[in-house]
Amino acid sequence: MSCAFDLEHYGELLAAALDGGYRFAFFDRDPEPGDLLLRHDVDLSLEAAVALAELEAGARARSTYFLMTESVFYNLDSREGRETLERLRGLGHRVGLHAVWPRAELDERFEPVVAWHNPDPEYMRAPIAGAANVMEERFFSSGRYRSDSNQRWRSGCPHEELRRTAFEWLHLLTHPEIWVYPGPTMRETMLAMLDAERERRLVQLVDDRIDMS
């Protein structure tokens, strides 16, 4: 097993969690022994979020996807944004708000759960009125949190520990674009994402009746 950041290994992570007897849980209650809280911060790509969500649904996994209303990379009010919301929920996942400090403006599109985008320590774990903060103390415990931020596991890839049921429970944060677009480094993965984005934009230009001849 290579522990590569790709869809094949993400599927292996899910299989390891199932082998370890974990159940997929959400942020609507305190974690219990045996819970796996799958969380995805969708920083860059709705297309990648849907691809990962479809893989998870095929593996009988359920996650919470955190989407932005202030992203410079995608528009949640566009047709693509609306279709993404519908598709994620149709696959059995939940949708939270990936908020930009200090605004955490929830509406009917979101569950009452918030993950701050690029948070600073002074507010990262502070309570949020009317919503759960995924980084508050009850969801964040030393040894029970792993993240793939910038294509690096801070404490190692958790697949073997999941298979051995080494965690009492685990809050696992992954970013869809890291797994969907190929590249051994974050830079190469981002360049692959931009190549895919260029092709998608060309299709959108034609759909908008732009003469590309």
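Let me start with Glu 111 and Arg 89, which form a salt bridge in this predicted model. The closest N and O atoms of Glu 111 and Arg 89 are 3.5 Å apart. Glu 111 sits in the loop between S4 and S5, while Arg 89 belongs to helix H3, so the contact ties together parts that are 22 residues apart in sequence. How accessible are the two partners? Glu 111 has 26% relative accessibility and counts as partly exposed. Arg 89, at 32%, is partly exposed as well.

There is another pair that involves the loop between strand S4 (94-99) and strand S5 (113-116). Arg 103 forms a salt bridge with Glu 70, and here the closest N and O atoms are 2.8 Å apart. Arg 103 is in that loop, and Glu 70 is in the loop between strand S3 (64-67) and helix H3 (79-90), so this pair ties together parts that are 33 residues apart in sequence. Arg 103 is partly exposed, with a relative accessible area of 36%. For Glu 70 the value is 35%, again partly exposed.

Now the strands themselves. S3 and S4 pair in the parallel sense, over four bridges. In that pairing, Thr 64 stands opposite Arg 94 in S4. Leu 97 stands opposite Val 114 in S5.

Is S4 mostly covered or mostly open? Mostly covered: five of its six residues are buried. The salt-bridge partners I went through read otherwise. Glu 111, for one, is partly exposed at 26%, and Arg 103 is partly exposed at 36%.

Next, a pair elsewhere in the chain. The side chains of Arg 29 and Glu 32 meet in a salt bridge, at 3.9 Å from N to O. The cut-off is 4 Å, so the pair counts as a salt bridge. Arg 29 has 30% relative accessibility, which makes it partly exposed. Glu 32 has a relative accessible area of 37% and is partly exposed too.

Which residues does the network around this pair join? Salt bridges that share partners link Arg 23, Arg 29, Glu 32 and Asp 35 into one network.

As for the total, the structure holds 20 salt bridges.

Definitions and conventions:
Residues are numbered from 1 along each chain as its sequence is written. This is a predicted model: local features need pLDDT of at least 70, side-chain atom pairs count only at pLDDT 80 or more; totals for chains, interfaces and linings use all residues. Side-chain values use heavy atoms; hydrogens and water are left out. Buried means under 20% relative accessible area, exposed over 50%, partly exposed in between (1.4 Å probe, protein chains only). Helices (H or I, at least four residues) and strands (E, at least two) are DSSP runs, numbered from the N terminus. Two strands pair if DSSP finds at least two bridges between them.
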